[in-house]
Number of protein chains: 2
Amino acid sequence: MLFADVDTPALILDLDAFERNLARMAEAVRGKPVRLRPHAKSHKCAEIALRQVAAGAVGVCCQKVSEAEALVAGGIKDVLIANEVVGAGKLDRLAALARKTQLAVCADAAENVNDLDAAAARAGVRLDVLVEINVGADRCGVEPGAPALALARNVAASRNLRFAGLQAYHGGAQHLRSVAERSGAIARTVDLVRSTRALIEQDGIACATVTGAGTGSFPLELASGAYDELQPGSYIFMDADYNRNEYDAAWPRFEQSLFVWTTVMSRPNAARAVVDAGLKASSVDSGMPQTWQLPGVDYAKASDEHGVLAIAPGATAPALGAKLLLVPGHCDPTVNLYDWYVCVRRGVVEALWPVSARGALW
Amino acid sequence: MLFADVDTPALILDLDAFERNLARMAEAVRGKPVRLRPHAKSHKCAEIALRQVAAGAVGVCCQKVSEAEALVAGGIKDVLIANEVVGAGKLDRLAALARKTQLAVCADAAENVNDLDAAAARAGVRLDVLVEINVGADRCGVEPGAPALALARNVAASRNLRFAGLQAYHGGAQHLRSVAERSGAIARTVDLVRSTRALIEQDGIACATVTGAGTGSFPLELASGAYDELQPGSYIFMDADYNRNEYDAAWPRFEQSLFVWTTVMSRPNAARAVVDAGLKASSVDSGMPQTWQLPGVDYAKASDEHGVLAIAPGATAPALGAKLLLVPGHCDPTVNLYDWYVCVRRGVVEALWPVSARGALW
């Protein structure tokens, strides 16, 4: 099928750009003392995870037990749930999955460590647990230093758990716009990581892995030498928000490979076009989607099923019925709106990949 | 199953509140010279549409051909696609569906009218077409007055189409906060509707139906006498955005019936709790979700899989593992994230209703 004939709205993956992004990330870590563990929360797709592993990743991260279940069902053998899992039902599913595959999870509270231990006991497994530390994002995580040591001791003392290291992801740093700002934030993060790891190891507890980093910061964690694993997710796709970041010459340049394909469904006047992709087709939490290579035609406003394009005087305006590409404002929640990637190479649809963990929230 | 045992995140429908909302809308239009045609874009659920019809609605509206297909498959016999449908593939599906059920669609361009006529001819059906006029939302729609008349003539002159009336929905007016602002906007809308209808009827073209209105404005369109059909959608659920509107004593009071059920997954410190419902569990396009009946505990920030709650000094803070209800910021795109409504009555799960048109974008 020709790409031009695909109906809209649809989630499009440009395979050439996607594969170049995979290769650039592989190149960035080649020969470095670090493992790549891409975050699958961005793509929720076993087909993509398998390609990341084929390109050198040791496995993937995800955020939810149901995502891990979908990825393992799709053939992935090493998953880190880079997040806390709370509640007996979820913990039993987590422990059951750990009987089938290499699985690790994070914790940031002693009570949760006890519950993890009990679930592992019920399932007859030993679970790998990383202590999540708050390195500046002020979301989950215990404070670095003494609180992290106390929790690492809890994990290490639990009969059915293994202390596997530290989760140290600075989400808030990913979209600081300048390299200088991101460098400053990650420098502080690295100090916290080093001192906390040292404290734990001085206590006689081996800290096998420090893991973290995202698409907006990973060269900084990599250069620090303080991280054993990197967790970037969005690099395979990119989005309008990541494209607004400043990157310097040392930074790998990832290409936009993910698009929303949309049709002009109304041309009420010379200054306005309306497309059929609105809030339910492209997430606007990090700003509006952007038109792709259409100078003077800006996606100005989204409602549930409509996007209003503002056409500048003199710009070449798309006609009624024309199809065009949008760059999602934020890739992760946009992917979660779709059941399929329409995978395109040079104008031809090559594959449909299911978003196998779409809606996998629990 | 007890509601308390439902795992999170989940989309919860409080059936008592939902049924009271259905009854209040039925009461609002009882004995009035107007038909109720609720908008199914909000719920995307045939089970709910059937209950709306049982409560007196003549049928429903929706925005997409794929939504109409799902609703008709679920037993709905009268659907208005309150939107333009563009592209040969969609038009053929539209015409095929019109062979099975009462179906109408909107148009705002002569080119689209020609395409609708051709698709109806291919399918051997006569399609009902309403002319959409721009009554202030500045999205789709021809301008009222002469441009609307010209398009109505096009429709009326098309062999395989029937001119069914005017679509006149003022989306921009729904969330003007004060009753006075909404009254002013709808008064202007009503003037445009009356003068355009008169122009068309003076031309000898019958204008059977004027349809429009939403949850934020429908008592105004109703009181005007200028509308034959009302299209409110959100009244069955409500959301944080609609709850911010001012309503006066004459306005029916709809209750919050739709919630996102979430678990506290981290309690890093006294001022912060983190819940497991983020951007992929509750749309933030119209502001953050709100906690339900938890004074001093505010949903402050959403990321993909996390919501950060800010706990005011002295507030009763939810414990790690506690489950709580969120009021979605905007009901329509939140519903579209879920596969099921968990329907609850007085603490017990009574039914699961599929979001049958979830992801139906095309």
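# Helices, sheet and contacts in a predicted model

Mentor: In this predicted model, α3(A) passes α4(A) in a left-handed crossing.

Trainee: What makes the crossing of α3(A) and α4(A) left-handed?

Mentor: The term applies because the near helix is turned anticlockwise from the far one by less than a right angle. The crossing of α3(A) with α4(A) is of that hand.

Trainee: At what angle do the axes of α3(A) and α4(A) cross?

Mentor: Roughly 25 degrees, and the axes come within 10 Å. That makes α3(A) roughly parallel to α4(A).

Trainee: Why is roughly parallel the term for α3(A) and α4(A)?

Mentor: Angles under 35 degrees count as roughly parallel. The two axes cross at roughly 25 degrees, so α3(A) is roughly parallel to α4(A).

Trainee: Which residues make the contact?

Mentor: Val65(A), Ala68(A), Glu69(A) and Val72(A) come from α3(A). Lys90(A), Arg93(A), Leu94(A) and Leu97(A) come from α4(A). They divide into five nonpolar, no polar and three charged.

Trainee: Turn to chain B. What is the order of the strands in its open sheet?

Mentor: The order is β2-β9-β8-β7-β6-β5-β4-β3 in chain B, with parallel pairing.

Trainee: What makes β2 and β3 of chain B edge strands?

Mentor: β2 (35–36) and β3 (60–62) of chain B each pair on one side only.

Trainee: How do you know that β4 and β5 of chain B pair?

Mentor: Two strands pair if there are at least two bridges between them. Five bridges join β4 (residues 78–84) to β5 (residues 102–107) of chain B. So they pair, and they run parallel. Leu80(B) stands opposite Ala104(B) in β5(B).

Trainee: Which helix packs on the sheet, touching β3, β4 and β5 of chain B?

Mentor: Helix α3 (residues 65–73) of chain B does. Its direction makes about 170 degrees with that of β4(B).

Trainee: How many residues does the contact between the chains take?

Mentor: It takes 49 residues from chain A and 49 residues from chain B. On the side of chain A, β10(A) gives the largest share, five residues. That side divides into 17 nonpolar, 17 polar and 15 charged residues.

Trainee: Which domains does chain A have?

Mentor: The domain assignment gives domain 1 (32–238) and domain 2 (258–354). Their centres, taken over C-alpha atoms, are separated by 34 Å.

Trainee: How many residues of the two domains are in contact?

Mentor: 10 residues of domain 1 of chain A are in contact with eight residues of domain 2 of chain A. The side of domain 1 divides into four nonpolar, three polar and three charged residues.

Note on methods
Residues numbered from 1 in each chain as written. Chains lettered and ligands numbered in written order. Predicted model: local features only at pLDDT ≥ 70, side-chain atom pairs only at ≥ 80, totals over all residues. Helix = DSSP H or I, 4+ residues; strand = E, 2+ residues; numbered from the N terminus. Contact = placed C-beta atoms within 7 Å. Axes fitted to C-alpha atoms, helices over the stretch in contact; angles between N-to-C directions. Nonpolar A, V, L, I, M, F, W, Y, C, P; charged D, E, K, R; others polar. Parallel < 35°, antiparallel > 145°, perpendicular 65-115°, else oblique. Domains from an automatic or database assignment.
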